[in-house]
Amino acid sequence: MIKRMLATREFALFVLLILVFSGFSLFVDGFLDWPDLFRQSRYWAVMGMIAVPMTFIITTAGIDLSVGSIVALAGVVVGLLYGDAGWSIWSASAAAIFVGALAGAFNGGISSYLRVPPLVVTLATMALFRGLAMGLSRARSLGGLPQGFRWLSNGNVLGFLADANGQPYVPFSFAMMLLIFGAGWVLMRKSWVGRFTECVGENETAAVFAAIDVRWLKALLYTASGLACGVGALFHTALYATAKADTAVGLELEAIACVVVGGTRISGGRGSVTGTLLGLLIIGVLRHGLLMAGIRQQYVVIYVGILVIVAAVLNERIALRKGGVA
Amino acid sequence: MKFAWIPSLLFLVALTSCGPTEPAPLASDTPAAPVADETAEPVAEPAVDAPAESLTIGVMPKLVGIDFFNATERGAREAAKELGVELVYDGPVTNDVQQQVQMVETWLSKDYDAIAVAPNDPDAIAPVLEDARAKGSAVIAWDADAAASARDYFVSQCSPESVAHALMDLVAKNCGEDAKYIILTGSLTAANQNIWMGEMEKYRQAKYPAMTNLSETPKVSEEDQALATQVTTDILKAYPELDAIFAITTVALPGAAEALKNSDRREQVYLTGVSTPNVMREYIEQGVVKEFVLWDAVDLGYLTVHVAAAAAKGQMDPAQATFTAGRLGAVGVANNVVTLGAPIVFSKENIGKYDF
């Protein structure tokens with residue numbers, strides 16, 4: 001039992017995280033400072049929130065490339081409704097979440113019911129949603145958001161973990177992200193959603209014969225992805241204090257990287273929400289640690305790229321050893 | 001189970017290999033500095049009024065790996081050496097403000113004495129710069145301004161008016177005061193470019209009312225040279241009455257020049273704008289572009305580090321109208337904005353003197 005647990009990908013990733021983390025703590029001055037590390041985690045939170053539904057989507061052998069654009073679009077919706085239309089910030093936020101879910105439902109609907117591969121659909125909507133955001137905002141930076149809203153990404157919670165001055169330092173956004181990961185884990189491991197999702201990724205035809213409504217399930221997952229983007233957009237906009245159409249570029253690749261490093265195979269079949277969380281933490285810690293060590297940003301990108309390749313190769317090797325079914 | 005060790009090993013390798021590279025950037029610019037730090041601290045060279053512990057200054061360009069910001073780095077290094085301060089010069093690989101924010105966040109963890117950023121977005125950079133000020137760093141915006149509440153000083157290349165006037169005067173001189181023109185910018189949110197375009201329009205109304213801007217919305221090249229070439233080719237086809245093109249980013253101008261070089265309207269359309277001498281040299285020599293405008297990038301980096309160091313030491317006096325910056329002598333200061341000077345008009349005659 002314990003032996004089986006030790007052999008899992010999650011365990012390998014956990015060991016890797018501990019190694020990277022202790023390596024930086026030992027060799028890089030100023031790295032091991034919990035309040036600082038948690039401040040950094042605010043920049044991973046949105047990536048993480050989006051990576052959870054992305055894990056499910058990739059498990060079905062799908063992909064959602066439009067997440068960055070949906071975040072930009074939903075962010076612009078908040079900025080416009082609050083700044084130009086004079087809505088209250090919270091109704092503007094609700095509208096943004098709705099727009100996100102709608103965008104996701106559009107992706108899911110087209111790919112499931114019109115049978116267009118999700119790669120193609122989301123590649124198209126990646127440009128479409130970005131263009132919409134650009135047009136709606138007329139390419140302006142929309143700022144002037146209230147302090148209460150900014151708290152989403154500035155605020156800290158969990159008072160029992162306080163720094164030297166008695167201030168809590170766990171960002172609300174990071175705590176929210178962990179909650180979403182928790183919900184994702186329950187859905188993946190303890191509910192029919194996860195079972196059906198893995199079944200679809202394993203063998204879609206078999207899933208259809210097993211009376212799973214594959215199309216509906218997929219549409220649901222893309223809608224959930226859009227919903228997560230809508231929520232993420234609030235935190236993203238609060239973090240940078242401005243809504244802009246050209247923000248969150250490349251977010252889709254970062255979220256996909258977390259999922260892939262986390263051991264979910266891009267060809268579908270098995271998804272690990274825990275793995276995605278570990279992937280996110282490894283990438284985040286690696287990036288911050290390398291910068292703290294004085295490595296220039298241009299080389300940091302290279303190290304993160306190497307990490308993704310190594311993880312992908314290992315995943316395939318492990319899958320092969322287990323007879324290809326994983 | 002066996003495979004669990006492979007990533008670990010690889011990352012030990014990655015970690016150990018990044019160890020030695022850490023001092024490398026320092027070693028290359030100030031050869032003896034790391035050694036001197038440990039052994040010869042009491043006899044620190046610039047013993048005049050340098051505090052016992054040397055300052056660390058972080059300078060962040062909009063992006064790394066382009067000629068302009070390589071030249072500002074040279075100037076920054078020169079000033080850092082002169083002042084005996086430690087310089088960290090690093091920026092994002094694309095002109096992305098989110099990456100800048102995250103990098104400044106890392107710099108906060110390292111408690112630099114001064115942080116100088118050339119922000120890609122004045123508002124999005126503001127919260128993290130405010131945090132830096134709250135933590136006690138001197139905060140400088142350079143090259144492009146940040147929200148005024150977020151920085152102590154702004155080191156400006158030259159006033160936006162002087163750039164705009166120089167550009168408009170060039171077109172008036174070459175195409176007459178009734179020229180029809182189009183502007184090619186970077187992105188529609190690029191702060192410098194938007195201010196210049198505003199000033200150009202003001203100056204046009206005041207001095208050259210007969211000139212016409214054929215496209216109220218500027219054409220966009222997104223800091224992408226190939227796109228600039230493509231857009232310019234389209235402009236040349238779409239506007240037969242066109243006399244002049246302003247390409248006002250360092251990437252847009254060479255891109256536009258490439259398009260004009262291969263166009264049959266090469267002799268009719270006058271192209272000018274803002275770019276760096278190195279990328280424009282061949283077009284100047286071929287006569288595709290006769291003149292363009294820029295400030296001295298090396299001096300800009302040099303001035304930035306001087307201002308950052310003075311601000312960190314508390315030696316900046318906002319009441320003074322000038323600030324003395326090493327070999328540059330006195331430069332103007334007003335409303336916490338330090339201005340390098342007037343722009344340089346580059347042409348066949350003087351381009352040989354510049355290397356950036």
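K207(B) counts as partly exposed because its relative accessibility is 45%. In this predicted model, the side chain of K207(B) meets that of D169(B) in a salt bridge, with 4.0 Å from N to O. K207(B) belongs to helix α8 (residues 191–207) of chain B and D169(B) to helix α7 (residues 160–175) of chain B, so the pair ties together parts that are 38 residues apart in sequence. D169(B) is also partly exposed, at 28% relative accessibility.

**Other salt bridges**

- Over all chains, the structure holds 23 salt bridges.
- R327(B) and E78(B) form a salt bridge in which the closest N and O atoms are 2.7 Å apart.
- This pair links distant parts of the chain, 249 residues apart: R327(B) sits in the loop between β12 (322–324) and β13 of chain B, and E78(B) in helix α4 (residues 67–83) of chain B.
- R327(B) has a relative accessibility of 44% and therefore counts as partly exposed.
- E78(B) is partly exposed as well, its relative accessible area being 30%.
- K135(B) and D111(B) form a salt bridge, with 3.5 Å between the closest N and O atoms.
- Here too the pair links distant parts of the chain, 24 residues apart: K135(B) is in the loop between α6 (126–134) and β4 (138–142) of chain B, while D111(B) is in the loop between α5 (97–109) and β3 (114–117) of chain B.
- With a relative accessible area of 45%, K135(B) is partly exposed.

**Interface of chain A and chain B**

- Contact between the chains involves 47 residues of chain A and 41 residues of chain B.
- The size of an interface is often given as the accessible area lost when the parts come together.
- For chain A and chain B the buried area is about 3,900 Å², and carbon and sulfur atoms give 61% of it.
- On the side of chain A, the residues that lose the most area to chain B are Y240(A), R296(A) and Q297(A), which together account for 15% of what that side buries.
- Side chains of opposite charge can pair when their charged atoms come close.
- Five salt bridges are found across the interface of chain A and chain B.
- R296(A) forms a salt bridge with E73(B), at 2.9 Å from N to O.
- Between chain A and chain B, 13 residue pairs are in polar contact, with both residues at pLDDT 80 or more.
- Helices of chain A that each supply at least two residues of the side touching chain B are α2 (9–27), α3 (34–59), α11 (214–240), α13 (273–292) and α14 (297–321).
- α14(A) gives the largest share of that side, nine residues.
- By class, the side of chain A that touches chain B consists of 26 nonpolar, ten polar and eleven charged residues.

**Positive phi values**

- A248(A) is a residue other than glycine with a positive phi, near 55 degrees.
- A248(A) is located in the loop between α11 and α12 (251–261) of chain A.
- The relative accessibility of A248(A) is 1%, so A248(A) counts as buried.
- N335(B), likewise not a glycine, has a positive phi of about 50 degrees.
- N335(B) is placed in the loop between β13 (330–334) and β14 (337–339) of chain B.
- A relative accessible area of 73% makes N335(B) exposed.

**Helix α12 of chain B**

- The 16 residues of α12 (residues 297–312) of chain B should span 22 Å at 1.5 Å a residue, and this agrees with the 23 Å between its end C-alpha atoms.
- α12(B) is mostly covered, as 15 of its 16 residues are buried.
- At the start of α12(B), the backbone nitrogen of V298(B) has a side-chain oxygen of D296(B) within 3.0 Å.
- G314(B) follows α12(B) and has a positive phi, near 75 degrees.

**Chain B as a whole**

- Chain B contains twelve helices and 15 strands.
- Chain B has 356 residues, of which 54% count as buried.
- Of the contacts in chain B between residues at least 6 apart in sequence, 72% join residues at least 24 apart.

How values were computed
Residues numbered from 1 in each chain as written. Chains lettered and ligands numbered in written order. Predicted model: local features only at pLDDT ≥ 70, side-chain atom pairs only at ≥ 80, totals over all residues. Heavy atoms only, no water. Contact = heavy atoms within 4.5 Å. Buried area = accessible area lost by both parts, 1.4 Å probe. Polar contact = N/O pair within 3.5 Å; in protein donor to acceptor, adjacent residues only side chain to side chain. Helix = DSSP H or I, 4+ residues; strand = E, 2+ residues; numbered from the N terminus. Nonpolar A, V, L, I, M, F, W, Y, C, P; charged D, E, K, R; others polar. Expected span 1.5 Å × (residues − 1). Buried < 20%, exposed > 50% of the residue type's maximum accessible area, 1.4 Å probe, protein only.
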